[in-house]
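User: I would like to go through this model term by term. Please set each value against its definition.

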Amino acid sequence: METGFIIEKFILVAVIFGISLVIAMYSTYAERKVAAYLQDRLGPDRAGPFGILQPLADGVKMFMKEEIIPTTSNRWLFIVGPGLALLCACIGTAVIPWGSPMEIGGKIVPLQVADINVGVLYIFGVVSLGVYGVMIGGWASNNKYSLLSAIRAASQNISYEIAMGLSIIALLLMTNTLSLKTIVEQQHGWHWNVLYQPLGFLIFMVCSFAETNRAPFDLPECETELIGGYHTEYSSMKLGFYLFAEYINMFVSSAVMATLYFGGYNYPGMDYMATLLGPTWAPLFGTAILFAKIFFFIFFFMWVRWTIPRFRYDQLMNLGWKGLIPLAIANIIITGIVIAIIEKF
Amino acid sequence: MDMESLSNKKKVLEQKPLSFMERMYLPAIAKGMGITISHLFKKEATVRYPEVEREFSTNFRGMHSLKRDENGKERCTACGLCALSCPAEAITMIAAERKPEEKHLYREEKYAATYEINMLRCIFCGLCEEACPKEAIYLDGPIVPADYLRKDFIYGKDKLVEAPLEMKK
């Protein structure tokens with residue numbers, strides 16, 4: 001491993017990490033603005049022009065607040081919980097192909113931190129780990145409500161993980177590979193996977209709403225039911241970490257949805273643009289298109305949050321186990337049959 | 001035991017099981033999302049205070065003001081009816097006799113040398129305005145501005161009396 005390789009990967013990791021943090025920061029701003037406009041009001045517009053500096057103000061507020069660690073809590077786990085949540089949220093960005101390989105000064109630089117050939121499995125592993133942050137936070141708080149919420153969060157997460165995995169299996173029957181890079185390359189032009197797997201995409205989207213604890217599946221953290229849920233006892237930056245981890249999770253889920261089903265950095269007319277812009281700028285244009293798709297999905301997350309009331313716990317489990325799993329299995333069967341028929345002829 | 005319905009307003013709620021389209025949740029969700037997105041394109045109801053202020057109605061009771069008559073003389077004669085009628089006991093005054101050289105300042109021989117309203121006690125009911133026989137006090141000012149100390153909320157004559165005639169012109 002030459003130093004050139006290490007430096008290249010290091011720069012890529014730093015850039016991606018920085019971008020995901022900035023996007024998560026401005027997602028908080030966008031959430032408030034979108035919520036406001038959907039409710040016939042203006043969002044924050046006093047901190048800087050159009051309220052652009054509001055996330056900075058929120059960050060400063062988070063740092064300046066008093067750090068309270070309850071004496072009856074499990075101190076070590078209390079501190080580890082939010083850190084774990086943020087860690088699992090951030091490492092998900094490592095396997096997503098952000099653009100086709102670009103050429104800088106004659107050298108080809110892949111715009112993906114790690115092109116492992118089990119990319120999809122890695123994403124699922126990281127998502128499953130994400131539930132630990134919530135569970136540990138709820139347990140370490142030594143608070144009945146936090147524990148209840150952590151239990152609910154854990155059960156919700158594992159229930160919807162199954163349906164998510166099953167919907168991906170149908171996709172894998174088509175793509176024959178787990179590597180995210182290959183999956184995106186197969187969706188060249190306009191052959192996006194959503195056209196071949198609409199039901200799979202729907203199931204995946206519903207499950208990613210549940211995985212990110214986002215309305216209408218936000219029972220673990222809602223205020224009306226469980227005070228603050230698993231982050232009741234947290235203050236200052238630890239709370240900031242939990243909230244941030246939720247937004248980074250949302251960003252990563254949107255990126256995975258865009259990559260697996262909506263063609264990643266592909267768009268109709270990309271061959272023409274590749275000849276027009278050359279090998280250095282065309283991949284960056286693809287990256288910009290990918291970010292446009294991701295922002296649309298983030299907007300979609302927020303749009304749904306402010307439309308639908310949340311699910312009751314039993315309705316949630318009902319939907320996960322008795323609704324989505326049979327549907328996902330039916331999807332696999334139908335996909336298998338169709339592929340077998342197509343291969344026959 | 002079936003009770004007889006007295007007003008016929010009772011509505012029997014049908015607890016039908018959900019149809020397939022309803023159980024799917026998706027059509028209802030899509031309809032809801034259509035409604036939500038339509039609000040994105042409507043005008044916001046927010047009033048951008050303090051650049052834009054909402055208009056008060058004509059009956060709005062704001063800060064008090066002690067009026068003057070056509071000749072610029074203060075109307076208030078310190079009769080004490082406003083203090084008597086105030087349910088919050090917010091008004092206090094000390095009366096004084098008008099000297100010959102002050103004839104242009106006050107309408108009658110008795111006037112209020114000190115007139116104080118404690119704005120924190122005042123409930124802006126307007127009973128003082130109704131009680132005044134000389135039409136001297138009106139509640140037609142703006143909302144009382146915020147301040148830091150309790151003592152600064154006891155408004156004296158300097159803040160309450162209306163501006164003299166020359167300044168009004």
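Analyst: A residue is buried if 20 or more other C-beta atoms lie within 10 Å of its own, exposed if 12 or fewer, and partly exposed in between, with C-beta atoms placed from the backbone. Helices are DSSP runs (H or I, at least four residues), numbered from the N terminus. This is a predicted model: local features need pLDDT of at least 70, side-chain atom pairs count only at pLDDT 80 or more, and totals for chains, interfaces and linings use all residues. Residues are numbered from 1 along each chain as its sequence is written, and chains are lettered from A and ligands numbered from 1 in the order in which they are written.

User: Why is α8(A) called largely enclosed?

Analyst: Eleven of its 14 residues are buried, so the rest of the structure largely encloses α8(A). Among the buried ones are Phe204(A), Cys207(A) and Glu211(A). The cover includes α4, α5, α7, α10, α11 and α12 of chain A.

User: How do you know that the span of α8(A) agrees with its 14 residues?

Analyst: The expected span is 1.5 Å times one less than the number of residues. For α8 (residues 198-211) of chain A that should give 20 Å, and the end C-alpha atoms are 20 Å apart, so the two agree.

User: What makes a set of residues a nonpolar core?

Analyst: Its members are buried Ala, Val, Leu, Ile, Met, Phe, Trp, Tyr and Cys residues, joined through C-beta atoms within 7 Å. The largest core has 82 residues; Ala85(A), Cys207(A), Ile248(A) and Phe251(A) touch the most other members. Helix α10 of chain A gives the largest share, 13 residues.

Conventions:
Helices (H or I, at least four residues) and strands (E, at least two) are DSSP runs, numbered from the N terminus. Two residues are in contact if their C-beta atoms, placed from the backbone, lie within 7 Å.
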